[in-house]
Amino acid sequence: MNLLQNPLCQNKPLRVEYSAVKKLNKTMNREYHKWYSQSLGRDMELLAYGHGGTPVLVFPTSQGRFFEYEDRGMAETLRGKLDSGSMRLFCVDSVDSESWYNKSVHPRVRIARHQQYENYVLTEVVPRIQQVNGAGGLVTHGCSFGAYHAMNFALRHPQLVTKCVTMGGAFEIKQFLDGYYDDDCYFHSPHDYMQSMADGEYLKNFRSNFYVMVTGEHDMCWDKNERFAQVLRSKQIPHQLYVWRDGTGHDWPWWQRMAQAYLP
């Protein structure tokens with residue numbers, strides 16, 4: 001079986017252990033959700049912002065938490081779009097410290113934990129988003145390592161994700177595997193599996209979607225964005241690479257401005 005293939009997302013009821021809704025600074029709608037994840041075997045948390053519009057699934061940076069987007073001022077930066085109902089953010093937690101960054105276990109265990117995380121997003125988070133926003137038009141987004149998660153999930157599930165917006169991303173994972181590399185690793189490394197992508201149905205889906213990569217002239221990931229854009233170009237997949245000048249680097253102040261420009 002093609003390892004890129006995954007079962008379609010099912011709208012299974014979720015056992016929510018805690019949820020709260022409040023107004024952030026009087027106007028912005030903010031919702032906190034927590035439930036026990038069957039995929040991961042532990043509690044997971046999520047923050048949602050806004051009340052309508054295009055749903056944006058946000059992945060945090062390396063080993064980041066679900067509240068990072070708020071703590072770094074990104075939610076406030078996007079207040080106008082959120083309050084107007086043009087977009088809605090769903091900020092998930094990560095398990096990077098249990099997967100890619102867990103040097104205390106064998107790389108085979110790291111990739112297995114990441115696969116459980118993907119299943120959590122696919123079968124638990126996405127159905128929740130669909131329940132409140134409908135089944136179409138999902139956007140994935142992330143900065144730095146969150147950009148990897150956003151792009152990998154979007155490409156592995158092009159029937160669900162119609163747009164991806166990354167900032168300061170890199171799209172290979174070999175550096176986390178200490179020389180180990182099996183089929184599962186390969187099919188979670190976008191730069192690798194997209195180079196050899198020849199599945200007509202997948203290419204058809206990709207060509208119906210759009211992929212946006214944003215970086216800066218002083219971003220350490222600029223070259224990785226250029227190389228991945230070349231891969232997408234070779235497959236005739238709609239995409240756009242934006243390289244910001246004026247000293248733009250790899251940090252939140254620039255990502256705030258980029259988010260205003262390219263989201264949703």
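Thr54 is in contact (heavy atoms within 4.5 Å) with Ser86, Met87, Arg88, Gly137, Val139 and Pro264, leaving aside its neighbours within four places in sequence. Everything here comes from a predicted model, where local features need pLDDT of at least 70, side-chain atom pairs count only at pLDDT 80 or more, and totals for chains, interfaces and linings use all residues. Residues are numbered from 1 along each chain as its sequence is written, and side-chain values use heavy atoms, with hydrogens and water left out.

**Thr54 and its setting**
- Thr54 is found in strand S4; helices (H or I, at least four residues) and strands (E, at least two) are DSSP runs, numbered from the N terminus.
- With 26% relative accessibility, Thr54 counts as partly exposed, a class that falls between buried (under 20% relative accessible area) and exposed (over 50%), using a 1.4 Å probe and protein chains only.
- From C-alpha to C-alpha, Thr54 and Gly134 are 9.8 Å apart in space, while 80 residues separate them in sequence.

**Strand S5 and its partners**
- Strand S5 (residues 87-92) is largely enclosed by the rest of the structure, because six of its six residues are buried.
- Met87, Leu89 and Cys91 point one way from S5, Arg88, Phe90 and Val92 point the other way, and all are buried.
- S4 (residues 54-59) pairs with S5 in the parallel sense over five bridges; pairing requires that DSSP finds at least two bridges between the strands.
- Within S5, Cys91 is the bridge partner of Val58.
- Strand S3 (residues 42-49) runs antiparallel to S5, and four bridges join them.
- Tyr49 has Leu89 as its bridge partner in S5.

**Nonpolar cores**
- A nonpolar core is a set of buried Ala, Val, Leu, Ile, Met, Phe, Trp, Tyr and Cys residues joined through side-chain atoms within 4.5 Å.
- The largest one has 42 residues, and those with the most contacts inside it are Leu57, Tyr117, Val121, Val125, Met194, Phe206 and Tyr211.
- Helix H4 (residues 107-133) gives the most to this core, with seven residues.
- Another core, of 28 residues, lies apart from it and has Leu47, Tyr69, Met87 and Tyr262 among its members.
- Val125 is in contact with Trp35, Leu46, Leu57, Val92 and Tyr120, again leaving aside neighbours within four places in sequence.

**The chain overall**
- The secondary structure comes to ten helices and nine strands.
- Of the 264 residues of the chain, 55% count as buried.
- Among contacts between residues at least 6 apart in sequence, 72% join residues at least 24 apart.
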